[in-house]
Amino acid sequence: SKMDPWVDAVIVGAGPIGLIAALELKRHGINATVIDKRPIPECRDQKRSKAVMIHARTMELLENVQMLQPFLSRGLAINKFVILSQDGSLLAQMNTDSLNSNYNFVLSLPQSIVEDVLLEACELLGIEVQWGRKLVKCSHTVDEVLLSVRSLKGGGEYSSDSDDSDSDSHDSYDKIGFDSVSKKKKKHKEREYGPSASASRGLGKKKGTGSSSSSSSSSSSSYERGGSEDDVEVEEEDELVHCKWLLGCDGNKSQVRQSLNIAFQDEELEQIILMITGVKLTINDTYDPHVVGAISVMHSGGLVGIQPEPHGLNTILLEWPIDREDDIPTDSLRLAFFQNILDKKVPYMDIKLKESVSMMKVRTKQRCVKKLRRGRVFLVGDAAHTLSPASTVGINSGIQDVINLCWKLGLVMKGVGRSELLDSYEAERLPVSTQLLNSSISATRAANSTSSLTRRFHEQSLAAIGMFEHLQAKMVQIIGMLDVSYRHSPIVLYKPSHHSIFQSFSTHTRAGDRAPDCPLAGPPDADINKKAKKKKPKTGKKPPVLVAAEEDPDDDDDEDEIEGDGTHTSNEGGKYAGQRLYHEFLSTKHSILMIHNGPSLTELQGWADLSVKLRDFYGNWVQTILVLPPSVLPSTYSVHDFDRVVVDHTGNVFDLYGKSKALYVIRPDLYIGCILAGSKCTEERLRKYFGTIFFC
């Protein structure tokens with residue numbers, strides 16, 4: 001069957017990043033069409049499965065969008081990371097137990113499981129993935145994106161997202177219209193959208209009408225204009241699809257990126273990784289990854305990595321010299337080939353390989369594009385940036401791209417968000433991707449250096465991390481990706497004059513940083529709960545949910561089952577028991593955290609008046625959350641003036657967010673949009689911030 005030729009949004013690529021993008025857009029009320037050139041999802045072909053590592057910040061975001069629990073139930077939590085020298089001596093050992101997150105571990109699981117979970121979620125929500133449909137070319141106009149899509153009859157194409165061997169050998173397409181190479185062509189006149197089109201959904205300008213607010217949002221002068229508004233030529237066997245927005249989630253050989261000629265930055269590094277997944281093995285107990293944690297060996301012939309997987313399996317990564325590629329078997333990789341390498345590189349581990357799920361050679365270039373957006377087209381995940389598989393952060397960076405983009409695109413498509421909101425996707429994510437790339441390349445070059453002096457310095461630097469507790473604490477935050485900050489963003493207000501992309505070495509939480517999480521466990525306040533349940537709010541909204549009951553210290557039923565020092569199984573996981581601050585933010589709304597820690601009834605009434613005004617003005621797009629100490633009596637305020645009321649029995653919220661009068665605006669992606677303190681907590685300043693987000 002043919003595709004619908006008129007759709008709101010198209011996602012190219014049904015890997016983990018594309019599927020999460022579809023689910024997240026659905027959560028924001030947007031239906032996206034997903035296409036993929038593969039004949040079947042990769043999770044149905046276990047031989048092609050790769051292992052992935054999900055870091056703490058990514059788990060926080062996945063929890064917030066209600067996608068995390070299936071991964072936790074099927075994954076393996078790793079809380080130790082060991083770095084060894086070439087001879088097996090210990091350079092550094094890091095424990096993530098001190099990570100300032102509920103998810104103080106790294107979650108290991110096969111990509112096949114990740115895709116399977118996401119596909120199940122898509123099926124439940126009615127999101128259809130159209131397999132065997134290949135994007136041939138795309139172009140964009142001021143008002144829409146034009147796609148030439150080919151149905152691959154009798155099957156699709158398999159392509160490893162990490163195999164970048166021929167990603168540069170692509171045609172150069174015309175900047176205006178599609179490049180035509182066939183003798184037989186179809187000509188399609190651009191026509192307006194059908195009667196179901198709605199400007200409020202961001203469908204843009206129609207012929208004979210003025211531009212809608214969301215249409216003008218994409219015609220910013222900072223973006224190039226491509227495509228033809230009058231004639232678009234496609235091959236006779238292809239379909240022409242019109243959409244308002246396009247997300248390129250199609251890996252590092254991205255056809256979206258190639259069609260639009262989006263260039264890469266100058267810094268890049270090519271490497272070959274040999275990977276074997278789902279491995280059953282025996283190993284010297286001293287180096288058992290299911291006991292000591294994930295292992296990295298700094299070998300002069302290339303990194304050796306051993307990562308534990310669920311069910312006692314493992315993933316092994318071997319970095320291979322580019323100039324020795326001819327030594328790799330060309331027909332197929334065999335277990336004996338990997339066994340021979342391990343015997344030579346790490347004989348002291350006494351590894352004996354028994355069987356595996358898959359073996360593959362991954363030739364990739366670590367690199368990043370110069371632009372993440374061109375008009376109505378966005379690059380996401382590996383389509384925009386490719387890191388070494390050994391770094392384990394690739395899928396995490398892609399998921400964080402998705403979460404950053406989708407709440408903004410959802411607002412714009414509904415006609416609520418401002419045009420500048422979409423500009424901030426590139427402004428926020430590109431510096432982060434560039435920094436991750438530079439760090440990954442620097443680490444790879446240092447580890448593979450032929451200079452004994454460089455290698456010695458690198459090893460001593462790693463050893464210093466293990467020796468000094470404060471350095472190890474900072475490194476653990478980096479491993480968890482909790483240090484990523486958007487302080488430089490154009491939609492973050494009231495930020496410090498000096499700021500950096502990462503907050504690892506910053507002592508205070510600032511606007512643009514990750515919103516800290518903490519437990520809220522404490523004794524229930526019966527009066528407040530009864531008041532919330534019995535008295536109906538004036539606005540007719542459901543009564544807010546207040547604090548959770550006290551945690552029972554003797555109840556061990558929900559504790560994780562420890563299998564060793566370095567790993568443990570993960571269930572509903574996390575180190576914070578019961579209700580947490582992040583639970584108050586489970587919404588697509590902006591959350592306004594109102595900190596009140598004083599006895600002043602006048603100040604408390606001021607918060608109530610401000611809350612009512614904000615809720616009336618912004619409606620369903622914001623929620624107000626009042627934070628109180630237990631000393632404030634419920635009789636002094638009405639809980640129904642706020643969306644939520646939190647009584648901070650433990651003092652955790654005040655410790656993290658300060659004990660003085662303050663307002664924190666928490667974005668849907670759990671980053672702080674602005675901070676107002678003291679006399680600056682005014683409606684005028686809040687409206688100035690929201691003026692960068694909403695049309696108001």
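This is a short tour of a predicted model, stop by stop.

**Before you start**

Residues are numbered from 1 along each chain as its sequence is written, and in this predicted model local features need pLDDT of at least 70, side-chain atom pairs count only at pLDDT 80 or more, and totals for chains, interfaces and linings use all residues. Side-chain values use heavy atoms, with hydrogens and water left out.

**Stop 1: the whole protein**

Show everything as a cartoon. The protein has 16 helices and 28 strands. Both are DSSP runs, numbered from the N terminus: helices are H or I with at least four residues, strands are E with at least two. Of the 696 residues, 58% are buried. Buried means under 20% relative accessible area, exposed means over 50%, and partly exposed lies in between, with a 1.4 Å probe and protein chains only. Now think about contacts, meaning heavy atoms within 4.5 Å. Among contacts between residues at least 6 apart in sequence, 77% join residues at least 24 apart.

**Stop 2: helix 1 and helix 9**

Select residues 16-27 for helix 1 and residues 394-413 for helix 9. At what angle do they pack? The angle is about 25°, and the axes are 9 Å apart. Axes are lines fitted to C-alpha atoms, for helices over the stretch in contact, and angles run from 0 to 180 degrees between N-to-C directions. Helix 1 and helix 9 are therefore roughly parallel. Angles under 35 degrees count as roughly parallel, over 145 as roughly antiparallel, 65 to 115 as roughly perpendicular, and the rest as oblique.

Helix 1 passes helix 9 in a right-handed crossing. A crossing is right-handed if the near helix is turned clockwise from the far one by less than a right angle, and left-handed if anticlockwise.

Show side chains. From helix 1, pick P16, I17, I20, A21, E24 and L25; they meet I395, G398, I399, V402, I403, C406 and L409 in helix 9. By class, this contact has 11 nonpolar, one polar and one charged residues. Ala, Val, Leu, Ile, Met, Phe, Trp, Tyr, Cys and Pro count as nonpolar, Asp, Glu, Lys and Arg as charged, and the others, Gly among them, as polar.

**Stop 3: helix 1 and helix 4**

P16, L19, I20 and L23 in helix 1 meet Q111, V114, E115, L118, L119, A121 and C122 in helix 4. The contact divides into nine nonpolar, one polar and one charged residues.

**Stop 4: in and around helix 9**

Go back to helix 9 and click S397, which lies in it. S397 is buried, because its relative accessibility is 1%. Leaving aside neighbours within four places in sequence, S397 is in contact with H385, R429, S433 and L436.

Next, select T392, in the loop between strand 22 (385-386) and helix 9. T392 has a positive phi of about 65° although it is not a glycine. Most residues other than glycine have a negative phi. T392 counts as buried, at 18% relative accessibility.

**Stop 5: a loop with H311**

Move to the loop between strand 16 (304-308) and strand 17 (314-320), where H311 is found. H311 also is not a glycine, yet has a positive phi of about 65°. Is H311 buried or exposed? It is exposed, with a relative accessible area of 75%.

**Stop 6**

Select helix 16, residues 683-690. Its L686, Y689 and F690 are buried. They cover an arc of only 95° around the axis, so they sit on the same side of helix 16. The arc is that of the directions from the helix axis to the C-beta atoms. On the other side, E684 and K688 are exposed.

What do the buried residues pack against? Among their partners are helix 14 (601-618) and strand 25 (622-628). Helix 14 and helix 16 pack at about 30°, with axes 11 Å apart. Helix 14 passes helix 16 in a right-handed crossing. L610, K613, L614, F617 and Y618 in helix 14 meet E683, L686, R687 and F690 in helix 16. By class, the contact has six nonpolar, no polar and three charged residues.
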